[in-house]
Amino acid sequence: NITIESASSPSGLLAGAFRTGSSTTYTVRLANVGEMDSDEVCFLFMVPPRRPGVPTPKKELLDFERVHNVAKGEAATVRFEVRSEQLDLVDVDGVRAPHNGTYTLLFTNGVDAEASVEVTVE
């Protein structure tokens, strides 16, 4: 059983602002709290703000990373680079573009462990 202990950016700040062309790398620490060595997959989802009258996804998969052979009692670190373009949304005309607002970056194993970060698109 692997838990997600934390997620942070290099500055140590979880929240941040994205502008066109910017990127931030997030580090996620996965701790094996089980009794056996284990593999795990860490998913990174983007949860956009709700926009009245415009369909938005509940969440969108941005990336994932599989870690192998994490010994019991040990931890592994995975890094995700998030580029501003990954947070773009498609409008009603089918045009993909940035949309201002507060987004959630959700780091999860898809079962029982997660950490989240709120970011702003400007």
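Is Asn-69 buried or exposed? Asn-69 is exposed, because its relative accessibility is 64%. Here, exposed means over 50% relative accessible area, buried means under 20%, and partly exposed is in between (1.4 Å probe, protein chains only).

This is a predicted model: local features need pLDDT of at least 70, side-chain atom pairs count only at pLDDT 80 or more, and totals for chains, interfaces and linings use all residues. Residues are numbered from 1 along each chain as its sequence is written, and side-chain values use heavy atoms, with hydrogens and water left out.

1. Overall make-up. The protein has 10 strands and 0 helices. Along the sequence the pattern reads β-β-β-β-β-β-β-β-β-β. Both element types are DSSP runs, numbered from the N terminus: helices are H or I with at least four residues, strands are E with at least two.

2. Burial and surface. Of the 122 residues in the protein, 38% are buried. The accessible surface comes to about 6900 Å². Carbon and sulfur atoms hold 49% of that surface. Areas come from the Shrake-Rupley method with a 1.4 Å probe; for residues, only the protein chains shown count as cover.

3. Contact range. Take the contacts between residues at least 6 apart in sequence: 63% of them join residues at least 24 apart. A contact means heavy atoms within 4.5 Å.

4. Strand β4. β4 pairs with β5 in the antiparallel sense, over 8 bridges. Phe-43 has Phe-64 in β5 as its bridge partner. β4 also runs antiparallel to β9 (residues 101–108), with 5 bridges joining them. There, Val-47 has Thr-104 in β9 as its bridge partner. Two strands count as paired if DSSP finds at least two bridges between them.

5. Asn-69 again. Asn-69 is found in strand β5, which spans residues 60–70. Its phi is near 50°. That is a positive value in a residue other than glycine. Check this residue's backbone in the view above.

6. Salt bridges, overall. How many salt bridges does a search of the whole structure find? The search finds 3. The criterion is a side-chain nitrogen of Lys or Arg within 4 Å of a carboxyl oxygen of Asp or Glu. Side chains of opposite charge can pair when their charged atoms come close.

7. Glu-122 and Arg-19. These two form a salt bridge, with the closest N and O atoms 2.7 Å apart. Glu-122 lies in the segment after β10 (114–121), and Arg-19 lies in the loop between β2 (16–18) and β3 (23–32), so the pair ties together parts that are 103 residues apart in sequence. Glu-122 counts as partly exposed, because its relative accessibility is 44%.

8. Arg-66 and Asp-39. Their side chains meet in a salt bridge at 3.4 Å, N to O. Arg-66 is in strand β5 and Asp-39 in strand β4, so this pair ties together parts 27 residues apart in sequence. The strands concerned are the antiparallel β4 and β5. Arg-66 is partly exposed, with a relative accessible area of 43%. Asp-39 is partly exposed too, with 29%.

9. Glu-60 and Arg-96. This salt bridge is listed at 3.6 Å, N to O. Glu-60 lies in strand β5 and Arg-96 in strand β8 (residues 96–97), so the pair ties together parts 36 residues apart in sequence. Glu-60 is partly exposed, with a relative accessible area of 24%. Arg-96 counts as partly exposed at 43% relative accessibility.

10. Gln-86. Where is Gln-86 found? Gln-86 sits in the loop between β6 (75–83) and β7 (89–90). Gln-86 is buried, because its relative accessible area is 14%. Its side chain reaches the backbone nitrogen of Arg-83 at 2.8 Å. Leaving out residues up to four places away in sequence, Gln-86 touches Met-46, Glu-60, Leu-62, Glu-81 and Arg-96. Among them are Glu-60 and Arg-96, whose side chains meet in the salt bridge of point 9.

11. Leu-30. Leu-30 has its place in strand β3. Leu-30 counts as buried, because its relative accessibility is 1%. The C-alpha atoms of Leu-30 and Val-70 are separated by 8.8 Å. Along the chain, these two residues are 40 residues apart.

Notes: A polar contact is a pair of N or O atoms within 3.5 Å; within protein, one must be able to donate a hydrogen and the other to accept it, and residues adjacent in sequence count only if both atoms are side-chain atoms.
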